[in-house]
Amino acid sequence: MQDIVCTFCGSVCDDGEYDLKKKSVKKFCKLGSSKFAEKERIKAPMIDGKEVSYEEAIDKAVEILVNAKRPLLYGWASTANEAIRLGVILAEKLGGVYDQCASVCHAPGTLATIEEGIPGGTLGSVKNRADVVVFWGSNPMEAHPRHGMRYSISAKGLLVKDRKQRKVIVVDVRPTKTAKIADIFIQIKPGYDYAIFSALRAIISGNADAVPSEVGGVAKEKLIELADIMKNAKYGAILYGLGVTQSRGRDRNVENAIKLVQLLNRTTRWIIWPMRGHYNVVGAGEVPAWEVGYQYAIDFSRGYPRFSPAEFSAVEVLKRRDCDAALIVASDPVAHFPRIAVQHLKRIPVIQIDPYPNMTTLVAKIVIPSAVYGIEAEGTAYRMDCIPLRLKKIIETNYWTDEKILEEMLRRVEKFKG
Amino acid sequence: MEIGGVMAVVVELITGRTLDQGATVEEKLTEEYFKAVSYIELNEEDFKQLNLKEGDRVKVTTDFGEVVVFAKKAELPKGIAFIPMGPYANMVIDPATDGTGMPQFKGIKAKIEKTEEKVKTIKELLEAI
């Protein structure tokens with residue numbers, strides 16, 4: 001089969017070839033190939049480790065959820081928009097909290113966007129126009145291995161025709177694999193992104209005098225050189241990663257970077273965009289945004305949606321022990337949350353919907369296996385630049401889709417709650 | 001330097017994705033995933049200072065917890081250490097979110113010392129949480 005769409009990272013490559021006999025995929029990277037390789041699955045629905053039918057597992061899950069005072073519904077980055085839509089409705093009916101993987105990933109960028117807006121562009125515009133690309137705290141060679149080839153490093157575009165016409169700059173705290181293939185690598189001290197964005201803004205606005213001889217481990221001359229390259233770009237792109245959102249400053253770092261781009265846009269054209277991780281983590285934010293107005297950390301306990309990451313993000317809810325049950329869909333918070341948050345997941349009944357066994361499976365009371373979107377099920381996902389792509393079904397399965405499982409849950413919840 | 005009579009180095013710890021972590025992330029209960037996330041990368045000088053050989057174990061201690069992982073030499077600035085994102089890193093990162101919902105996964109002060117303690121399996125680690 002041709003033009004297979006990959007459901008691993010946010011690049012959502014749509015040019016794979018699937019060999020039905022060998023059950024393997026061509027053209028994709030190591031991450032995409034591992035996605036399409038056969039691997040251990042959750043065999044059947046389970047309650048307390050005992051195999052049951054889908055109906056029994058869903059009945060029990062609904063019993064737990066409707067009796068909970070404030071259930072947490074978390075995950076959503078590796079499933080289709082159709083399932084996310086039902087998840088948000090379910091959170092509303094249950095008076096629970098909806099949160100998604102971005103809250104431990106790119107959500108600080110969402111906060112910055114709320115404050116500043118975002119001068120953005122698609123991956124197509126980066127490929128065709130960007131003559132300067134700055135990877136800031138992002139390492140696509142390990143996290144999005146084909147991003148460079150398809151869009152941002154060696155991609156052959158309409159106006160920027162090849163690697164020679166594109167200057168690639170990496171700003172990071174260590175020499176990453178992406179730094180190795182960059183034209184310029186600027187090594188900064190951890191936690192100094194904000195200060196460096198400020199220094200660049202000062203230089204570009206004609207206030208270089210105010211910048212000390214070194215900022216965040218970078219010499220002033222080097223910063224002046226970078227500012228010059230930025231000013232002289234025809235179309236520049238800052239593609240930032242978790243180096244910016246997960247270190248000191250978080251959302252304020254992104255906000256300052258956006259201000260830098262706004263300043264550059266007085267004389268030339270720049271965009272800034274996050275390098276999103278999971279294939280549909282954009283959907284996990286966009287779908288609730290078009291349903292209830294917010295992207296993450298949404299509480300429905302008062303019957304209407306309230307957004308407050310300090311209160312309703314999954315990590316904060318769990319740290320405060322402020323949920324008494326959890327529905328985890330297409331995610332593994334036990335592996336990816338700080339210890340204190342995992343401690344509470346171990347205390348409360350957890351219901352998991354996922355194709356693969358993971359650390360959350362080990363603490364879950366109810367485990368419901370699901371079909372893999374893009375392989376066993378079709379649906380829609382947003383690529384990292386918000387372009388919706390149709391995920392294909394390649395092979396048949398007996399596993400239910402997330403959409404079907406959630407539809408059945410919702411039907412039962414509506415019986416209890418109206 | 002010696003801290004409390006034990007040879008140790010103090011580093012700034014960062015965590016993040018790697019290709020191997022990504023390629024095994026949907027197989028978390030396998031040996032491959034364990035290998036992909038249960039190590040720390042150290043700068044050569046820090047590595048030497050702790051008198052380490054490749055594959056030795058180190059204890060990583062922060063204000064928020066401790067974890068034993070395998071030690072690897074890597075091209076890193078002196079004083080910076082890296083653990084791939086995952087359950088081992090999450091034992092020692094800073095859970096404070098400053099009101100954003102985002103814990104501080106990068107830039108945490110950590111003490112590294114050689115240890116004879118074993119590296120916990122994924123299941124043992126979960127039990128210890």
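Tutor: Helix H3 (residues 81-94) of chain A packs against helix H13 (residues 281-292) of chain A at an angle of about 50 degrees, and their axes are 9 Å apart. That angle makes H3(A) oblique to H13(A). Angles under 35 degrees count as roughly parallel, over 145 as roughly antiparallel, 65 to 115 as roughly perpendicular, and the rest as oblique. The axes are lines fitted to C-alpha atoms, for helices over the stretch in contact, and angles run from 0 to 180 degrees between N-to-C directions. Helices (H or I, at least four residues) and strands (E, at least two) are DSSP runs, numbered from the N terminus.

This is a predicted model, in which local features need pLDDT of at least 70 and side-chain atom pairs count only at pLDDT 80 or more, while totals for chains, interfaces and linings use all residues. Residues are numbered from 1 along each chain as its sequence is written, and chains are lettered from A and ligands numbered from 1 in the order in which they are written.

The crossing of H3(A) with H13(A) is right-handed. A crossing is left-handed if the near helix is turned anticlockwise from the far one by less than a right angle, and right-handed if clockwise. On the H3(A) side the contact involves A:Asn81, A:Ile84, A:Arg85 and A:Val88, and these meet A:Gly283, A:Ala284, A:Val287, A:Pro288, A:Glu291 and A:Val292 in H13(A). Two residues are in contact if their C-beta atoms, placed from the backbone, lie within 7 Å. By class, the residues of this contact of H3(A) with H13(A) are six nonpolar, two polar and two charged. Here Ala, Val, Leu, Ile, Met, Phe, Trp, Tyr, Cys and Pro count as nonpolar, Asp, Glu, Lys and Arg as charged, and the others, Gly among them, as polar.

Other helix pairs in chain A can be described in the same terms. Helix H2 (residues 54-67) of chain A and helix H19 (residues 402-417) of chain A have axes that come within 10 Å and cross at roughly 50 degrees. H2(A) is therefore oblique to H19(A), and their crossing is right-handed. H2(A) contributes A:Ile58, A:Asp59, A:Ala61, A:Val62, A:Leu65 and A:Val66, while H19(A) contributes A:Ile405, A:Glu408, A:Met409, A:Arg412, A:Val413, A:Phe416 and A:Lys417. The classes in the contact of H2(A) with H19(A) are nine nonpolar, no polar and four charged residues.

Next come helix H9 (residues 193-204) of chain A and helix H12 (residues 251-264) of chain A, which pack at an angle of about 15 degrees with their axes 9 Å apart. H9(A) and H12(A) are therefore roughly parallel to each other, and H9(A) passes H12(A) in a left-handed crossing. From H9(A), the contact includes A:Tyr194, A:Phe197 and A:Leu200 among others, and from H12(A) it includes A:Ala257, A:Leu260 and A:Leu263. The residues of the contact of H9(A) with H12(A) divide into eight nonpolar, three polar and four charged.

A:Ile114 lies in helix H4 (residues 107-116) of chain A. It has 14 C-beta neighbours inside 10 Å, so A:Ile114 counts as partly exposed. A residue is buried if 20 or more other C-beta atoms lie within 10 Å of its own, exposed if 12 or fewer, and partly exposed in between, with C-beta atoms placed from the backbone. A:Ile114 and A:Glu255 are 141 residues apart in sequence, but 9.4 Å apart in space, C-alpha to C-alpha.

Now the whole of chain A. Its secondary structure comes to 19 helices and 20 strands. Of the 418 residues in chain A, 58% are buried. The radius of gyration of chain A is 22 Å, which agrees with the value near 22 Å for a compact globule of 418 residues. This radius is taken over C-alpha atoms, and the globule rule is 2.2 Å times the number of residues to the power 0.38. The C-alpha atoms of chain A fill a box of roughly 70 × 50 × 30 Å, taken along the principal axes.

Chain B has four helices and seven strands. In chain B, 50% of the 129 residues are buried. Finally, 40 residues of chain B are in contact with 50 residues of chain A. The side of chain B that touches chain A divides into 19 nonpolar, 12 polar and nine charged residues.
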